[in-house]
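Work through the following exercises with the sequence and the model side by side.

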Amino acid sequence: MLIILKPDAAAEDIAYMYDFLKGMDNIIVQHIQFESAKIIGLAGDTEKLSANSLLSFNCVERVTRIQEPYKLASRKFHPEDSVINVAGQKIGGGHFAVIAGPCSVESEEQILSIAREVKVSGANFLRGGAFKPRTSPYSFMGLGLDGLELLKMARQKTDLPIVTELMSEEYLDNFAEDVDVIQIGARNMQNFPLLKQVGKLNKPVLLKRGPSSTIDELLMAAEYIMAGGSAKVILCERGIRTFETATRNTLDLSAVPVIKSKSHLPVVVDPSHATGYWHLVESMTLAAVASGADGLIIEVHNRPEAALCDGAQSITPMIFRRLMQKVRRIREVLSE
Ligand code: PEP
Ligand code: MN
């Protein structure tokens, strides 16, 4: 961390801050004189120092971090790709995984039929919301714990591990017991109390990028989960909010190589929420594979026109089957 001092900083103000910094445990303080600039370099446990609080000293002009504030999620401290193993299904480090299923679990018939069809086409995980974050309080909110029971039934019949969203700490125990991968939705990416609790469970977590979050904020959210003790975090790019209105969100595919350069955690792409339209899902899926993603999460519905949530962006099992064939071909080209 570098503290750039004001050119006219008073000696007593500098001495006051210097004493404050010297009094901190595990912080190494060093004066640097670079041409006419006066700089103080800090090393050690600098995460506990906030740039904002340092700006409150009279003598400080600017504060710059040299290292990212995340450590556990950083590739610098863990150079190899993390491989996350969920009931034998691996993701990361060259293992590609496809998570597919409806936006929300609606009935036994619906979830079982979709689960069977996506499995046959090559999906490795079943997705389906039991608790849904809806923009309108009048929309379908999911079947709740009954939906979780239906997902368990689908897992038992297909052997697909289940991925489903946890929205509140209230159901932490149910999810700890029954869910294979706990999804933290985009809207809850910075729900820090929830992240802390989920981190303590030491279960795989699918962490979706917040609609208005930077990549570093996503990595800091992962750090919260990892600081709790869980190393099994899968990151998800699901589109961000921009000025563009042609699509539901704007898929930030460059996030994939950027995240992979900064972090060892696997990254999956959600072309369904990123675009909002089923006819855009195929092209963005193939582009996501080509971008180096470790996997995909795709909404599939047997009757999109009757879906209780996100029908417009859901593809049918038949389209999913053809798409998976193309995904395999792109992956073959990438491995040549
Ligand atoms: C979902 O996966 O169904 C969902 C609500 O996604 P997001 O949190 O990315 O909006
Ligand atoms: Mn959805």
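**Exercise 1. Find how far an oxygen atom of ligand 1 is from an N or O atom in the side chain of glutamine 183, and then describe the residues around ligand 1.**

Solution. The distance from an oxygen atom of ligand 1 to an N or O atom in the side chain of glutamine 183 is 2.9 Å, which can be judged against the definition of a polar contact as a pair of N or O atoms within 3.5 Å, where within protein one must be able to donate a hydrogen and the other to accept it, and residues adjacent in sequence count only if both atoms are side-chain atoms. Next, lysine 132 has an N or O atom in its side chain at 2.8 Å from an oxygen atom of ligand 1, and for arginine 238 a polar side-chain atom lies 2.6 Å from an oxygen atom of the ligand. Finally, there are 13 residues around ligand 1, of which Arg127, Lys132, Gln183, Ala186 and Arg238 come nearest; a residue is near a molecule if one of its heavy atoms lies within 4 Å of it.

The model is predicted, so that local features need pLDDT of at least 70 and side-chain atom pairs count only at pLDDT 80 or more, whereas totals for chains, interfaces and linings use all residues. Residues are numbered from 1 along each chain as its sequence is written, chains are lettered from A and ligands numbered from 1 in the order in which they are written, and side-chain values use heavy atoms, with hydrogens and water left out.

**Exercise 2. State which strands form the closed barrel, and which helix packs on β13 and β14.**

Solution. The strands, which are DSSP runs of E of at least two residues, just as helices are runs of H or I of at least four, both numbered from the N terminus, form a closed barrel of 8 in the order β7-β8-β9-β10-β11-β12-β13-β14, with parallel pairing; two strands pair if DSSP finds at least two bridges between them. Helix α10 (residues 278-290) touches both β13 and β14, and its direction makes about 165 degrees with that of β14, where axes are lines fitted to C-alpha atoms, for helices over the stretch in contact (heavy atoms within 4.5 Å), and angles run from 0 to 180 degrees between N-to-C directions.

**Exercise 3. Give the strand order of the open sheet and identify its edges.**

Solution. The open sheet has 4 strands in the order β2-β3-β1-β4, with antiparallel pairing, and its edge strands are β2 (27-34) and β4 (60-64), each of which pairs on one side only. Strand β1 (residues 2-5) is joined to β3 (residues 37-44) by 3 bridges, with isoleucine 3 opposite isoleucine 40, while β1 and β4 pair over 4 bridges, leucine 2 having threonine 64 as its partner in β4.

**Exercise 4. Decide whether serine 74 is buried or exposed, and list its contacts.**

Solution. Serine 74 sits in the loop between β4 and β5 (84-86). Its relative accessibility is 1%, and therefore serine 74 counts as buried, since buried means under 20% relative accessible area, exposed over 50%, and partly exposed in between (1.4 Å probe, protein chains only). Leaving aside neighbours within four places in sequence, serine 74 is in contact with Glu68, Lys262, Ser263 and His264.
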